[in-house]
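This briefing is meant to be read beside the sequence and the 3D view.

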Amino acid sequence: MSAVPRLRRLGRRSVRPVRVDERKHGGNAAKKGGQAMTMITWQEDAGRITLDLPEDLDLPMAPALVDSLRHAFTVGDVIAVRAGAVERLSTASIQALMAASRVAEQGRQVFTIVAPSQGVQAACSDLGLAPWLEKWSQA
């Protein structure tokens, strides 16, 4: 079975749950129906891609985040990452978000981190990235 399922069409929107292969990503993903699942959800509406991030965006989740962001930039012009639910995140996940902001700048696409949680703000502040987060975030 593929690590990433096909898009399911729901009217004008597409919802794409991203799966994490437990063998590949350390077995720390949440389980649903016996399969490892991330809680990164995907919505597409007229070229606007919205990714909703899970509470726990630790190291095993970073590859799923990278895959989701890569795909978002190939199909959309406006990418919004909702980070309000994130309580814990790894440096690798922050690096993925930073790389996405670079891709947006170079590709003249729009990238926004919507309503970053206090956990995201604290992690970025700890790494000296508060100015970067302020530039790319939206309340």
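Where is the place of Arg108? Arg108 lies in the loop that runs between H2 and S10, and the model in which it is seen is a predicted one. Across the protein there are four helices and eleven strands, and buried residues make up 43% of its 139 residues. Of the contacts with a separation of 6 or more, 65% are accounted for by residues 24 or more positions apart.

**Helices H1 and H2**

- Helix H1, residues 62–75, packs with helix H2, residues 91–107, at an angle of about 15°, and the two axes are 9 Å apart.
- Because angles under 35 degrees count as roughly parallel, H1 and H2 are described as roughly parallel to each other, and their crossing is right-handed.
- From H1, the residues that take part in the contact are Ala62, Leu65, Val66, Leu69 and Phe73, and on the H2 side they meet Ala92, Ser93, Ala96, Leu97, Ala100, Val103 and Ala104.
- Sorted by class, this contact of H1 with H2 comprises eleven nonpolar residues and one polar residue, with no charged residues.

**Residues with positive phi**

- Most residues other than glycine have a negative phi, which is the background for the two residues in this group.
- Ala46, a residue other than glycine, has a positive phi near 50°, and its place is in the loop between strand S5 (41–45) and strand S6 (48–52).
- With a relative accessible area of 69%, Ala46 is exposed, because the cut-off for that class is over 50%.
- Arg108 likewise has a positive phi, in this case near 55°, in a residue other than glycine, and at 79% relative accessibility Arg108 also counts as exposed.

**Two buried serines in loops**

- Ser117 is found in the loop that joins strand S10 (110–114) to helix H3 (118–126), and its relative accessible area of 9% makes it buried, since buried means under 20%.
- The side chain of Ser117 reaches the backbone oxygen of Val86 at 2.3 Å.
- Ser90 has its place in the loop between strand S9 (88–89) and H2, and at 12% relative accessibility Ser90 counts as buried.
- Not counting residues up to four places away in sequence, Ser90 touches Leu57, Asp58 and Leu59.

- Is Glu105 buried, partly exposed or exposed? At 43% relative accessibility Glu105 counts as partly exposed, because that value falls between the 20% and 50% cut-offs.
- Glu105 is found in helix H2, and, with its neighbours within four places in sequence left aside, Glu105 is in contact with Lys135 and Trp136.

How values were computed:
Residues numbered from 1 in each chain as written. Predicted model: local features only at pLDDT ≥ 70, side-chain atom pairs only at ≥ 80, totals over all residues. Heavy atoms only, no water. Buried < 20%, exposed > 50% of the residue type's maximum accessible area, 1.4 Å probe, protein only. Polar contact = N/O pair within 3.5 Å; in protein donor to acceptor, adjacent residues only side chain to side chain. Axes fitted to C-alpha atoms, helices over the stretch in contact; angles between N-to-C directions. Parallel < 35°, antiparallel > 145°, perpendicular 65-115°, else oblique. Left-handed = near helix turned anticlockwise from the far one by under 90°. Contact = heavy atoms within 4.5 Å. Nonpolar A, V, L, I, M, F, W, Y, C, P; charged D, E, K, R; others polar.
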